[in-house]
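These are my notebook entries on a structure that I am reading for the reader's first visit. I set down what I looked up, topic by topic.

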Amino acid sequence: MRKMKRVNTYIISGLIATTSLFGQVELLNPRFDFTPGIRYDRSISSPKDYLGYELGTEYTIYADVLSYLRTLDEQSDRVSIHPYGKTHEGRALEYLVITSEKNRKRLDDIQKNNQRLADPRNINPAVAKKIIRENPGIYWLSYNVHGNEASSTEAVMQVAYRLAAGRDKETKAILDNSVVILVPCINPDGRDRYVYWYKSAQSHVTNADQFDYEHDEPWPGGRTNHYWFDLNRDWVWLVHPESQGRIAAYQEWLPQIHVDYHEMGFNRNYFTMPGTTPRNLMLPEPYEALSDTFGLANIAAFDKHKVMYYTREGFDFFYPGYGSSYPSVMGSIGMLVEQGGHSRGGRAVETDDGYILTLRQRVFDHYETSFATLSAAVRNRQTLNQYFHDTFQQKTNTGKSAVYILPDDPSNHLYDVVNMLRAHGVEVRKAKANFTVNKAHAYESGKASRQVFNKGDFLIYTDQPRHLFINTVMQREMAIEDSIMYDMASWAAPLAYNLDAYWSETKPRVKTDLVNESLTYSSSVNQARDAYAYVIDWDQRHAPKALAHLWAKGYKVRSARKTFNNGTRTYSQGTLVILMGRNTKKAESVQSDMAQIAKDAGVNIEAFTTGRMKEGIDFGSGNMVPLKNPKVGLMVDSPFNSYTAGQLWYLLDKETELGISKLRMNRLKSLDLNQYDVLLFPGARGSLDSSIVKTLKGWVTKGGTLVATEGSATFFTEKSGINKVKTVQPPKPEKEGILPSAYTRYEDRSDSLGLKRIPGTAFYGMIDNSNPLAFGLPDRLYTLKQSVSALVPDPSLQTVGYYHKDATQLKVAGYASIENRKLLAGKTFAAVQPMGRGKIVYLVDNTQYRMFWVGPSRMVQNAVMLVPNM
């Protein structure tokens with residue numbers, strides 16, 4: 001057993017205290033003792049026994065948290081610990097299952113009975129009623145999804161200890177009537193980034209000054225995972241291993257309640273359920289009242305301890321990718337709690353009203369709500385079991401769609417969507433013959449028409465248990481109560497992944513097979529003994545990854561600026577051609593290399609025995625452009641948005657497997673830019689120094705390619721003086737008369753501003769896919785609009801993507817006022833501006849948002865891999 005010594009604390013009347021600029025700071029106050037009077041099994045180690053310090057006096061590194069929880073597994077018959085994956089950085093992901101010894105003996109039966117309730121098609125009502133009456137509830141608590149909201153992982157150790165060792169009546173009632181699942185830390189990489197930094201920054205004397213260094217975490221912060229993604233937006237899309245493993249485990253258990261433990265700014269009081277609008281209006285009617293039941297239980301605990309809190313403000317659960325909303329579309333009462341503190345909380349911080357908020361109180365508050373919630377769940381066990389069972393029945397299916405149809409097309413992101421749906425327990429079926437739907441609604445227009453579909457097309461019927469999840473994720477547009485929302489207004493999977501898709505309100509007459517395995521993109525090599533060239537069509541989903549692998553193996557590659565036909569099929573613009581006459585040193589290894597690249601990248605590679613094409617360009621044409629392996633720099637650190645930077649990093653590093661350099665912005669002045677071919681600028685706020693702009697302008701004119709995204713795209717225009725590209729300007733208020741908002745009531749101002757925002761809305765984009773920036777894309781796509789920014793089309797600017805010219809057709813799903821739609825209709829969101837021998841690529845909208853809105857993402861890959869050579 002490890003013991004750790006505190007050197008900066010001393011004992012005064014039972015308080016651990018330190019001296020600070022504000023006088024004595026009490027890190028431990030008896031007011032925040034963990035349920036005094038409880039008897040514990042002395043053979044089981046407490047957190048203090050194991051760690052050597054009281055919870056709340058230090059932050060605990062993740063490895064020590066896991067080590068302690070594994071010790072509970074060894075010491076207590078109530079506890080078992082289960083692995084569910086590893087993070088990007090290799091940290092173990094584990095969850096605890098805690099219940100009574102009696103329940104543990106029949107745990108498999110409890111789990112199986114719960115799964116039976118989740119599939120009403122295969123259970124007799126009388127049997128279901130018996131399970132609802134007798135089966136223990138399954139209650140899942142998730143802690144620390146945002147790494148720098150670190151108090152909840154400290155709290156889970158005390159929660160687990162009491163459940164493992166407590167001998168009180170409340171604990172016994174919880175254990176006898178439920179199976180409790182605790183995820184101690186959803187985001188270990190982010191947590192350790194924060195905790196190690198904080199330990200390096202904290203002083204010997206505790207400092208509660210909110211402006212002290214230890215309360216001012218540096219970029220990118222510990223909130224996000226290794227690739228700077230917010231894992232609390234990934235519950236549906238499963239981009240990251242942390243989410244993939246957790247959802248696999250979640251689907252095995254399917255709890256009746258789920259609570260997501262968070263923190264927010266240290267001046268805020270504790271938030272507990274219920275939330276505010278907009279809501280997912282497809283949730284069963286009892287959801288609101290049941291969620292309030294838990295909020296009232298938390299409030300009762302806080303009233304007893306005089307802890308400040310609030311409800312029904314600030315947080316909505318509309319977007320389904322939160323830890324508080326995903327469970328709700330899976331039959332659970334999904335809930336959020338938020339503790340004041342966050343990264344600036346440290347061990348103690350003085351709030352604006354002079355209160356000293358300690359880490360111990362933050363731990364205590366989460367501990368209190370954990371047990372208040374579990375006890376409330378036990379009191380309502382049968383009601384929750386019934387609600388759970390009802391949610392999966394067709395009587396709660398309020399959606400109008402009977403089926404969603406996804407035509408088979410392995411060249412796009414379709415298989416990613418099918419695999420995602422299956423990971424959530426959705427039954428996806430495949431047509432065994434061609435079939436016709438008389439009224440098939442197209443996602444592109446929303447209009448219904450007669451459509452013929454092919455054998456092999458995919459169907460997702462809604463008369464299955466996961467109907468609520470299916471309709472929430474697949475429906476073209478959700479009903480919106482309120483334009484002011486915490487996150488985004490549109491997320492329909494066919495729009496985000498830019499799929500050709502339809503829905504119908506009637507089931508088609510066609511026989512189908514259930515898709516039982518994950519779909520993979522085909523890979524093959526058509527070898528030839530005396531190949532003249534190898535060809536990889538750029539339309540393939542993973543063609544950019546194949547190009548990165550070719551470069552890594554030292555191949556010289558060309559890209560077709562125009563189409564060609566070999567007499568069998570036509571190959572798209574951008575298609576990769578590996579001429580053996582330019583790769584003579586690869587003659588011995590080419591066949592094995594191509595086989596390996598095809599397998600690793602997931603592409604089809606074809607060997608050609610001649611460079612003469614039946615139609616289009618030949619392989620020796622000047623339109624077969626040599627592609628240089630670029631040296632790419634991604635700008636990071638302030639003032640850039642770490643989310644956007646992380647998404648670009650992930651897209652190129654993980655998805656494309658193209659090596660890039662991450663460059664700190666403060667080094668830009670001293671860098672020799674001539675060693676870089678491409679510089680990527682993520683979204684940013686503010687402006688850059690004029691001397692930097694001048695340097696970048698010189699670098700571009702000499703041949704560099706500057707790729708500017710989001711806020712950086714609107715900066716590198718006439719605003720910065722780098723060129724004469726113009727940005728769209730909102731209309732100026734009338735010079736005379738009263739401004740429309742001049743007398744808006746104070747209480748209504750946030751609503752008024754919300755009406756002017758575009759909160760993540762799907763816009764209809766038109767694409768010039770003859771431009772290298774759009775090679776591999778269709779001539780239309782759905783772009784995610786989150787601002788009123790755009791470029792003004794101009795003959796000197798190569799407009800590659802522009803918003804639909806008809807304002808009434810522009811919004812596909814979500815919310816955007818008619819004024820904003822009129823402002824943006826026909827304006828440019830993707831463009832190339834030649835400058836001397838180089839170019840600036842403009843991507844006004846995020847093209848790989850959270851790596852689920854990836855329909856436009858090929859433009860970033862093209863901007864880096866093709867455009868510099870074209």
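**Loop residues with positive phi**

I began with L238, which lies in the loop between α8 and α9. The model I am consulting is a predicted one. I looked up the backbone of L238 and found a positive phi of about 55 degrees, although the residue is not a glycine. Is L238 buried or exposed? Its relative accessibility is 11%, and the cut-off for buried is under 20%, so L238 counts as buried.

I then turned to N144, in the loop between β6 and α6 (151-165). N144 is not a glycine, yet its phi is positive, near 60 degrees. I noted a relative accessible area of 0% for N144, which is therefore buried.

**Cis peptide bonds**

I looked up the bond between W219 and P220 and recorded it as cis, with omega about 0 degrees. P220 sits in the loop between α8 (188-201) and α9 (241-253). A cis bond also leads from T277 to P278, where omega is near 0 degrees. I placed P278 in the loop between β9 (270-271) and α10.

How many residues of strand β7 are buried? I found 6 of the 6 residues, 178-183, to be buried, so the strand is largely enclosed by the rest of the structure. S178, V180 and L182 point one way from β7, while V179, I181 and V183 point the other way; all are buried.

I next looked up the pairing. Strand β5 (residues 92-98) runs antiparallel to β7, with 3 bridges between them, and V97 faces I181 of β7. Strand β6 (residues 137-143) is parallel to β7, and the pair has 6 bridges. S178 in β7 is the bridge partner of G137.

**An open sheet**

I traced an open sheet of 6 strands, in the order β21-β27-β22-β26-β23-β29, with mixed pairing. Which strands stand at its edges? They are β21 (524-526) and β29 (624-627); each has a single partner strand, so one side of each lacks a neighbour in the sheet. On average, neighbouring strands of this sheet are turned by 25 degrees against each other, direction ignored.

Within the sheet, I looked up β22 (residues 533-536) and β27 (residues 604-608), which are antiparallel and joined by 3 bridges. Y534 has A607 of β27 opposite. I also noted that helix α16 (residues 543-552) lies across β22, β23 (557-560), β26 (576-579) and β29, and runs at about 25 degrees to β26.

**Two helix pairs**

For helix α10 (residues 287-305) and helix α11 (residues 359-379), I recorded a packing angle of about 135 degrees and axes 8 Å apart. That angle makes α10 oblique to α11. Their crossing is right-handed. The residues of α10 in the contact include F294, A297 and F302, and those of α11 include F364, A372 and R379. By class, I found 8 nonpolar, 4 polar and 3 charged residues in the contact of α10 with α11.

The other pair is helix α18 (residues 642-655) and helix α24 (residues 858-865), whose axes come within 11 Å and cross at roughly 70 degrees. The two helices are therefore roughly perpendicular to each other. L648, L651, L652 and E655 of α18 make the contact with V860, Q861 and V864 of α24. I sorted the residues of this contact into 5 nonpolar, 1 polar and 1 charged.

Notes. Residues are numbered from 1 along each chain as its sequence is written. This is a predicted model: local features need pLDDT of at least 70, side-chain atom pairs count only at pLDDT 80 or more; totals for chains, interfaces and linings use all residues. Side-chain values use heavy atoms; hydrogens and water are left out. Two strands pair if DSSP finds at least two bridges between them. Helices (H or I, at least four residues) and strands (E, at least two) are DSSP runs, numbered from the N terminus. Axes are lines fitted to C-alpha atoms, for helices over the stretch in contact, and angles run from 0 to 180 degrees between N-to-C directions. Contact means heavy atoms within 4.5 Å. Angles under 35 degrees count as roughly parallel, over 145 as roughly antiparallel, 65 to 115 as roughly perpendicular and the rest as oblique. A crossing is left-handed if the near helix is turned anticlockwise from the far one by less than a right angle, and right-handed if clockwise. Ala, Val, Leu, Ile, Met, Phe, Trp, Tyr, Cys and Pro count as nonpolar, Asp, Glu, Lys and Arg as charged, and the others, Gly among them, as polar. Buried means under 20% relative accessible area, exposed over 50%, partly exposed in between (1.4 Å probe, protein chains only).
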